[in-house]
Amino acid sequence: MKRKRHLLAGLLSAAMLSACSALPRWTAGDVPFVPTPPEVIERMLEMARVGSNDVVYDLGSGDGRIVIRAAQKYGVRGVGVEIDPDLVTKARGEAARQGVGHLVEFHTADALAVDLSPATVVTLYMLPEFNTKLRPVLERDLKPGSRVVAHDFAVDGWIADRVEVVKGGLFHDHRLFLFEIR
């Protein structure tokens with residue numbers, strides 16, 4: 001049974017990669033929203049060594065779950081950047097419900113056009129092509145000591161300081177890449 005699951009997972013991965021290569025080039029507005037599981041969020045924040053003086057930016061923040069959790073757990077300020085205004089509205093409402101609306105803010109914006117200089121931690125769950133486009137923005141704006149944690153897809157051209165795997169469901173383990181800005 002285990003062998004069949006691995007074979008099926010391999011076939012599905014190959015089919016997904018094949019389908020993705022036939023898609024048009026991604027733009028910021030085309031990146032799909034895929035929620036990050038809670039256990040992955042916890043590990044991302046731990047890898048980044050989030051502390052009370054940090055400012056956490058989540059690019060492609062979706063429903064806001066990463067910055068909301070960072071504010072809840074560490075009491076830090078957080079900024080979510082999301083191009084979908086409906087998701088921004090949802091994130092703002094959830095932050096208020098969770099009692100952290102005073103610590104976090106959400107902006108409807110293209111992550112490639114945002115000033116990241118206040119950030120000390122950046123989280124992202126974007127596709128590889130988008131991460132490649134984002135690299136010059138990160139290099140321009142982030143100060144030495146800042147940390148970037150990427151979910152599933154590394155930043156092309158950067159060497160990760162640490163890579164970890166968080167066990168996922170039947171078909172997908174989550175790879176996390178930590179980059180420290182020097």
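**Entry 1: surface and overall make-up**

I started with the surface. The protein's accessible surface comes to about 9,700 Å², and carbon and sulfur atoms account for 57% of that. I noted at once that this is a predicted model. The protein has 182 residues, and 42% of them count as buried. Next I looked up contacts between residues at least 6 apart in sequence. Of these, 66% join residues at least 24 apart.

**Entry 2: helices and strands**

I counted five helices and seven strands. Along the sequence I read the pattern α-α-β-α-β-α-β-β-α-β-β-β.

I then checked single pairings. Strand 1 (residues 55-59) and strand 4 (residues 121-124) run parallel, with four bridges. Here Leu59 has Leu124 of strand 4 as its bridge partner. Strand 5 and strand 7 are antiparallel, over five bridges. In that pairing, Ala150 is bridged to Phe177 of strand 7. Strand 6 and strand 7 are also antiparallel, again with five bridges. There Val165 has Arg175 in strand 7 as its bridge partner.

A reminder to myself: strands of a sheet pair through backbone hydrogen bonds, either parallel or antiparallel.

I stayed with strand 7. Five of its seven residues are buried, so I call the strand mostly covered. Both Phe177 and Phe179 are buried.

How many aromatic pairs does the structure hold? I found two. Trp158 and Phe179 pair edge-to-face, at 5.3 Å centre to centre with 65° between the planes. Trp158 sits in the loop between strand 5 (147-151) and strand 6 (162-166), while Phe179 is in strand 7 (residues 174-180). They are 21 residues apart, and the pair links distant parts of the chain. Trp158 has 16% relative accessibility and counts as buried. Phe179 has 2% and is buried too. The rings of Phe177 and Phe179 have planes at 10° and centres 6.5 Å apart, so this pair is stacked. Trp158, Phe177 and Phe179 form one aromatic cluster.

**Entry 3: salt bridges**

I got a count of 15 salt bridges. I looked up three of them.

- Arg147 pairs with Asp54, with the closest N and O atoms 2.8 Å apart. Arg147 is in strand 5, and Asp54 is in the loop between helix 2 (38-47) and strand 1, 93 residues away. Are these two buried or exposed? Arg147 is buried at 8% relative accessible area, and Asp54 is buried at 9%.
- Glu129 pairs with Lys133, with the closest N and O atoms 4.0 Å apart. Both lie in helix 5 (residues 128-141), four residues apart, about one turn of the helix. Glu129 is partly exposed at 23%, and Lys133 is partly exposed at 36%.
- Asp173 pairs with Lys167 at 3.3 Å, N to O. Asp173 is partly exposed at 32%, whereas Lys167 is exposed at 64%.

Last, I traced a network of salt bridges. It links Glu42, Arg43, Glu46, Arg69, Lys73, Arg162 and Glu164.

Key
Residues are numbered from 1 along each chain as its sequence is written. This is a predicted model: local features need pLDDT of at least 70, side-chain atom pairs count only at pLDDT 80 or more; totals for chains, interfaces and linings use all residues. Side-chain values use heavy atoms; hydrogens and water are left out. Helices (H or I, at least four residues) and strands (E, at least two) are DSSP runs, numbered from the N terminus. Buried means under 20% relative accessible area, exposed over 50%, partly exposed in between (1.4 Å probe, protein chains only). Contact means heavy atoms within 4.5 Å. Accessible areas come from the Shrake-Rupley method with a 1.4 Å probe; for residues, only the protein chains shown count as cover. Rings of Phe, Tyr and Trp (its six-membered ring) pair if their centres lie within 6.5 Å; planes under 30 degrees apart count as stacked, over 60 as edge-to-face and the rest as tilted. Two strands pair if DSSP finds at least two bridges between them. A salt bridge is a side-chain nitrogen of Lys or Arg within 4 Å of a carboxyl oxygen of Asp or Glu.
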